[in-house]
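I opened a new structure today and kept notes as I went.

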Amino acid sequence: MAPFTVLHVCMGNICRSPMAERLLARAVRDRAGSDEQLLRSVSAGTGGWHEGEEMNPPAARQVRARRGSADGFTARKLRGDFIDEADLILTATADQFDYVVALRPGAAARTFVLGEFGRLLAGVDKAALPPAEAKPEAVHQRGAAIVEAVHRLRGGETPLLTDDLDDPWGRGDQTFQRVGDEIEDTTQPFVALLLP
């Protein structure tokens, strides 16, 4: 079985989504205490004009400051097969949510704006989830159950404007720091719920 896969989506795939990709991976390593492949964290951009580029330098600084790695990152253009492979898709904005769902309508139930997912995560009943174990199959089952629970909590509601992550591109380190904080406001509680 492939590891539980989280796909992070923003516009250019050089700021927000790579930060989310690497900060989620770091949170999993911190919690699991190993580099075992319990979760696959990847990213892509709807725009595609930065394809092949490294992470934007202020984004990379934020990742490193939070004990993550920016090494080896290469921006990618979002493709349908990336969505097909993902168990959870977290977009930076509602516009990117719409883009993902237009590309793959069947992915709507596992696609969320990052802030929306974090906001709804607090309502998940831990007792109703499969047991938390640091084993790939258990992580996959529990991750899928969390996604289903958050989707049910969402009901027919649309994301709030406050769920969107600001685009920090071309702005100062303070903006990148705030965006990093907002990313971790979702990734850290998610990992705490996912892993023992």
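**Notebook: a loop residue and some rings**

I started with Asn-56, which touches Ile-14, Cys-15, Trp-169 and Phe-176, leaving out residues up to four places away in sequence. I noted that the model is a predicted one. I then placed Asn-56 in the loop between strand E2 (39–45) and helix H2 (57–65). Is Asn-56 buried or exposed? Its relative accessible area is 14%. Buried means under 20%, so I wrote Asn-56 down as buried.

Next I turned to the rings. How many aromatic pairs does the structure hold? I found three. In one of them, the ring centres of Phe-4 and Phe-190 are 6.4 Å apart. Their planes are at 45 degrees, so I logged the pair as tilted.

I looked up where these two residues sit. Phe-4 is in strand E1 (residues 4–10), and Phe-190 is in helix H7 (residues 173–194). The pair therefore ties together parts that are 186 residues apart in sequence. I checked burial too. Phe-4 is buried at 0% relative accessibility, and Phe-190 is buried at 2%.

Then I took Phe-112 and Phe-117. Their ring centres are 5.2 Å apart. The planes are at 55 degrees, so this pair is tilted. Both Phe-112 and Phe-117 are buried. I also noted that Phe-4, Phe-112, Phe-117 and Phe-190 form one aromatic cluster.

My last entry concerns a charge and a ring. What sits over the ring of Phe-82? I found the charged end of Arg-76 there, 3.7 Å from the ring centre.

Technical notes:
Residues numbered from 1 in each chain as written. Predicted model: local features only at pLDDT ≥ 70, side-chain atom pairs only at ≥ 80, totals over all residues. Heavy atoms only, no water. Helix = DSSP H or I, 4+ residues; strand = E, 2+ residues; numbered from the N terminus. Buried < 20%, exposed > 50% of the residue type's maximum accessible area, 1.4 Å probe, protein only. Contact = heavy atoms within 4.5 Å. Phe/Tyr/Trp six-rings, centres within 6.5 Å; stacked < 30°, edge-to-face > 60°. Lys NZ or Arg CZ within 6 Å of the ring centre and 35° of its normal.
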